[in-house]
Amino acid sequence: GVETQLFEGIEPDPSIETVFKGAAAMRKFLPDVIVAIGGGSPMDAGKAIALLAVNDTPEDKLFAGEWKSVLPVICIPTTAGTGSEVTQYSILSDDKAQTKRAIASPLIFPKIALLDSKYQLALPRATTVNTALDALSHNVESMLSIRSTPLSSAVAKSGVEAFRKSLKALTDDALTADDRANLIYASTTGGIAIAQTTTNIVHALGYSLTYFRHIDHGRANALTL
C-alpha cells in the first residue's frame, strides 16, 4: 500500500532541491535498496538521495563530506557517457552558487552496476552523441590529470581506443550492437579512471556552459576539451 509516486522525478542536471525531496520520499518507507535507472542525472540523484535518506544533513553541509551511512545503490545506466555507475561522485546543480557541484564519498560507490548495451538501443541520436562525448572527455581528462597513474591511464587509454573504433559509426548514425558495446565500455572505463584521478578544468569550464547556456553536459565538455 506504499504510494509509489512520491515526488515529481529527476530532471536533467538534478538540483539540490530535487534530491532533498527524493530523500524525504525515501524516509516515508526506507527501502532496503535504491535502484537508479537512466543516465547520469538519475544515477547521481539516486546516490545523493541514498545518503540524505539516512543522514540528518542540512543543505549548507551537503558538500562537506560528513556522512555516516548510506542506503545501497544499484545502478543501471541507459546511456553510455557518465560512468556514474562506477564512481563515488554525485553531481548536482547548485542554484545558489550558480554552478554544478560534486558530493564525493566512498560510501556512494554503487554496490552493483548492471551494464548492457541493449538498454541503449532506443536512445535518441543527440543523447547518444552527447553522452559518448562525455565518456571520451572523462578518459582524456583522467590521462591528463596530475593524479594519473600508469594503471588509471591504461584503463582510460583502452576507453579512448574503444571510442575510436566506433567514432565513424557514431558520426554516420550507423551504430551496430558492437559499437554500442564499445561506447558503454568507454563510458565505464572513464568512470573507473576519474574515480581515481577526478576530472579537471574541462569539466569546471563546462559546468558554466551547462548551467547558464543549458548545453548538454557531454557536449559542453567536448566544446571545452
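**View 1. Packing of helix H4 against helix H6.** Helix H4 (residues 150-165) and helix H6 (residues 177-197) pack with their axes 8 Å apart and at an angle of about 155 degrees. H4 and H6 are therefore roughly antiparallel (angles over 145 degrees). The crossing of H4 and H6 is left-handed, that is, the near helix is turned anticlockwise from the far one by less than a right angle. Residues of H4 in the contact (heavy atoms within 4.5 Å) include Val155, Ala162 and Phe163, and those of H6 include Leu183, Ala186 and Ile192. The residues of this contact divide into nine nonpolar, seven polar and two charged. The model is predicted: local features need pLDDT of at least 70, side-chain atom pairs count only at pLDDT 80 or more, and totals for chains, interfaces and linings use all residues. Residues are numbered from 1 along each chain as its sequence is written, and side-chain values use heavy atoms, with hydrogens and water left out.

**View 2. Crossing of helix H3 and helix H8.** The axes of helix H3 (residues 125-144) and helix H8 (residues 217-224) cross at roughly 50 degrees and come within 7 Å. H3 and H8 cross in a left-handed manner. Val129, Asn130, Leu133, Asp134 and Ser137 of H3 meet His217, Gly218, Arg219, Asn221 and Ala222 of H8. Three nonpolar, five polar and two charged residues make up this contact.

**View 3. The aromatic pair.** One aromatic pair is found in a search of the whole structure (ring centres within 6.5 Å). The ring centres of Tyr211 and Phe212 are 5.2 Å apart and the planes lie at 80 degrees, so the pair is edge-to-face (planes over 60 degrees apart). Phe212 counts as partly exposed, at 44% relative accessibility (between 20% and 50% relative accessible area, 1.4 Å probe, protein chains only).

Conventions: Phe/Tyr/Trp six-rings, centres within 6.5 Å; stacked < 30°, edge-to-face > 60°. Axes fitted to C-alpha atoms, helices over the stretch in contact; angles between N-to-C directions. Helix = DSSP H or I, 4+ residues; strand = E, 2+ residues; numbered from the N terminus. Nonpolar A, V, L, I, M, F, W, Y, C, P; charged D, E, K, R; others polar. Parallel < 35°, antiparallel > 145°, perpendicular 65-115°, else oblique.
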